[in-house]
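Please look at the sequence and the structure before reading the solutions.

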Amino acid sequence: MLESFSTKATLTKIHAKHGKMLTKQNYTELLNKQSVSEVAEYLKKNTRYSDILANIDTHTIHRGLLETLIRRKNFDTYVELCKFQHLDRIPFYNYEVIREEVDQILSCILHINANKSDDYISTLPGYLISHASFDMLALAKSRSFKDLLKVIRHTDYYNVLKDVTPDENGQVNYLRCEVLLRTQFYKKMFELIDKDFDGNVAKELKRSVSIQIDMINFINSYRLKAFFNADVGTIKQNMFPFYGRISKKQMFAYYEASGKEEMLDMFKKTIYARQLDEIDPDIVEHNMFEIRYKAARVSLKNAQTAPVALFSFIYLCDIEAMNIICIIEGIRYKSPPSFIEKLLII
């Protein structure tokens, strides 16, 4: 296995960075800001985002730029940690780049379907260009699904999407593409874990990944059942074929439930539901994020190795970014702080 040398220094560095993440007090103070500029100024002066915002005029910053900088900070942190003890030489540690690539391919498909391909370039994360396995700028120039396939022709993504056929209007089945791409991503994750690690390291990583998949499968099947009254066949077709603490048999039982109420009742009996005081039918997705967040915090706290700590820490960074963006959006729409606070994962 490649993870044969000591990475304790990286583990220590990850815990130190975790200690600089936003606290409940930080969130309370952010919730009381009145504008995007005030949020940016607070982040610049009081948080780990100070370096990425150092040369930014917070008085004129656009919401979109602030959100991009927050995501870039997390990606830069990931790259820094991977390079610290040359972990980036181990294939597993490229997982975040792969995830970002998948997100960008899907974003490009959304823009193509909406006939807004010209707008995609404005959302393209520039920080990913030098890390991606394909030409990101060429992707941004894609005006059709055929163009997109040409860009990814020499990657694994091409084999995943090559048989997807646009309809007569050039529209691509986005949900199908997402399932195919993310299934490939998780398959790749499990393959890399088996290749690069063994023992408890592999076991813990697989457990963390499986929790994510369980939550995604549950919320996606719940959506299909609750909002589209999808039949069992449609639900199964659009789920990831991996199972963690919820077995395949249990998951299929959810898919076959008569409705969303029965689905939730069944979920309340799982080991995951015990982590929540209650499951609110109106914010089920929020509840699933809470479960993943709590699992990641416990995993990071108990982590004895760099790969387990890194995977959990980067997920917590993603949640922090989601929280900040939620606050920004809430301020934009003049939502009461008490309402925004209920949407945060803390």
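**Exercise 1: a helix pair**

The crossing of α1 and α4 is right-handed, a crossing being right-handed if the near helix is turned clockwise from the far one by less than a right angle, and left-handed if anticlockwise. The model is predicted, so local features need pLDDT of at least 70 and side-chain atom pairs count only at pLDDT 80 or more, while totals for chains, interfaces and linings use all residues. Residues are numbered from 1 along each chain as its sequence is written, and side-chain values use heavy atoms, with hydrogens and water left out.

Task: determine how α1 and α4 are oriented to each other, and which residues meet.

Solution. 
1. Helix α1 spans residues 8–18 and helix α4 residues 63–84; helices are DSSP runs (H or I, at least four residues), numbered from the N terminus.
2. Their axes come within 9 Å and cross at roughly 155°. Axes are lines fitted to C-alpha atoms over the stretch in contact, and angles run from 0 to 180 degrees between N-to-C directions.
3. Therefore α1 and α4 are roughly antiparallel (angles over 145 degrees; under 35 counts as roughly parallel).
4. Ala9, Thr10, Lys13, Ile14 and Lys17 of α1 meet Thr77, Glu80, Leu81 and Phe84 of α4, contact meaning heavy atoms within 4.5 Å.
5. The residues of this contact comprise four nonpolar, two polar and three charged. Ala, Val, Leu, Ile, Met, Phe, Trp, Tyr, Cys and Pro count as nonpolar, Asp, Glu, Lys and Arg as charged, and the others, Gly among them, as polar.

**Exercise 2: the partners of α11**

Task: describe how α11 packs with α16 and with α14.

Solution. 
1. The axes of α11 and α16 come within 9 Å, crossing at roughly 20°. The two helices are therefore roughly parallel, and their crossing is left-handed.
2. From α11, Val201, Glu204, Leu205, Ser208, Val209 and Gln212 take part; from α16, Pro307, Val308, Phe311, Ser312 and Tyr315. Seven of these residues are nonpolar, three polar and one charged.
3. Helix α14 covers residues 260–267, and its axis comes within 9 Å of that of α11 at a crossing of roughly 160°. This makes α11 roughly antiparallel to α14.
4. Here Met215, Phe218, Ser221, Tyr222, Lys225 and Ala226 of α11 touch Lys260, Met263, Leu264 and Phe267 of α14. The division is seven nonpolar, one polar and two charged.

Definitions and conventions:
Parallel < 35°, antiparallel > 145°, perpendicular 65-115°, else oblique.
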